[in-house]
Amino acid sequence: MSNAQHSCIKANRMFDDNPRAIVSDTARVRGAWIEDRAVGPNAARLETDPLEPTGSAEVDDALLGLVNADRDVRQAAALTLGKLAHRAATPELVARLWTEQDFFVRETLSWAVTRVADAATPLLLNALAGADTSARVQALHVLSKIADPATTDAILPLASSDDLDVAAKARWALTRIGDPRAIPALAAHLGVGDDSTRNGLTRDLASFGEAAVPTLLAALTKGEPHLRRHAAEVLCRLGPDADSTTDALSEALNDSDDEVRLSAAMALFDFATPTSQIALARLTESADPRLRAIANRAQVRTTHEL
């Protein structure tokens with residue numbers, strides 16, 4: 001059984017990686033002294049171009065903090081800028097996303113950028129057209145947090161990028177945005193890649209819930225074996241959201257590909273409806289021990305429910 005099939009579970013929780021939550025423990029440990037660190041003209045600074053005044057002394061001081069050699073000062077500065085959400089700080093905030101080396105500071109910068117999303121989005125979209133993989137991935141990361149459906153058209157082509165890191169992050173961003181227009185673009189990659197890549201796409205497509213079902217049904221009934229197999233796996237991950245495909249999955253129990261049959265059986269087991277139970281009942285005499293095991297478990301479950 002493939003890793004993708006093992007991943008077919010009802011629990012499909014997505015964690016919201018709020019950078020303020022990520023850094024909260026660090027902030028508590030360091031305490032209030034971080035906020036009071038010097039960011040004046042004598043503080044050690046990273047090499048950078050002169051900063052343009054924003055008209056706010058508090059914002060200007062925080063922007064100076066972003067180029068301090070001390071990562072704790074940069075962290076505090078990023079938090080301050082996020083709280084202030086001053087539009088004039090946007091160009092420098094976005095520029096620091098491409099150069100900041102510390103993960104936690106970069107996450108805090110990402111959050112700060114989302115606080116000025118309207119001003120930042122055009123700058124982030126411009127970065128998608130560049131050649132720097134890390135900048136494109138970081139831009140997609142922030143765009144996924146902003147989750148503006150208006151950015152879908154710009155992100156869609158990157159889901160098929162030759163750069164695998166960019167493609168994976170683009171698909172993740174599309175799932176966070178949740179625009180159904182992304183479903184066909186994501187489904188075009190069904191059955192492609194190794195187990196890890198397929199599992200990621202399974203999660204991505206399943207995040208659209210019932211809206212993904214028509215596209216998956218087409219792949220299950222008309223696609224090549226690797227497409228049918230993966231489509232069945234995603235339907236399995238969807239669980240009851242996909243119970244309208246019970247008839248098609250019941251037909252897939254007779255598929256020429258044994259992995260398609262297995263994924264279909266697992267999906268039907270997850271549906272746990274009277275119709276799916278009837279479809280599974282005929283597998284109790286299957287030559288495939290995996291199918292027999294699923295059918296027998298379904299029968300035991302039915303008995304316990306009576």
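These legends describe close-up views of a predicted model. Local features need pLDDT of at least 70, side-chain atom pairs count only at pLDDT 80 or more, and totals for chains, interfaces and linings use all residues. Residues are numbered from 1 along each chain as its sequence is written, and side-chain values use heavy atoms, with hydrogens and water left out.

View 1. Helices (H or I, at least four residues) and strands (E, at least two) are DSSP runs, numbered from the N terminus. Of the 306 residues, 50% are buried (under 20% relative accessible area; exposed is over 50%, partly exposed in between; 1.4 Å probe, protein chains only).

**View 2. Helix α4 packs with helix α6.** Helix α4 spans residues 71-84 and α6 spans residues 103-114. Their axes, lines fitted to C-alpha atoms over the stretch in contact, lie 8 Å apart at an angle of about 10°. Angles run from 0 to 180 degrees between N-to-C directions. The two helices are therefore roughly parallel (under 35 degrees; over 145 is roughly antiparallel, 65 to 115 roughly perpendicular, the rest oblique).

**View 3. Residues of α4 meet residues of α6.** Contact means heavy atoms within 4.5 Å. Among them, Ala-78 and Leu-79 belong to α4, while Val-105 and Trp-111 belong to α6. By class, this contact has eight nonpolar, three polar and three charged residues.

**View 4. Phe-103 and Phe-104 form an aromatic pair.** A search of the whole structure finds one such pair (ring centres within 6.5 Å). The centres are 5.3 Å apart, and the planes stand at 80°. That is edge-to-face (over 60 degrees; under 30 is stacked, the rest tilted). Phe-103 is partly exposed at 42% relative accessibility; Phe-104 is partly exposed at 32%.

Methods. Ala, Val, Leu, Ile, Met, Phe, Trp, Tyr, Cys and Pro count as nonpolar, Asp, Glu, Lys and Arg as charged, and the others, Gly among them, as polar. Rings of Phe, Tyr and Trp (its six-membered ring) pair if their centres lie within 6.5 Å; planes under 30 degrees apart count as stacked, over 60 as edge-to-face and the rest as tilted.
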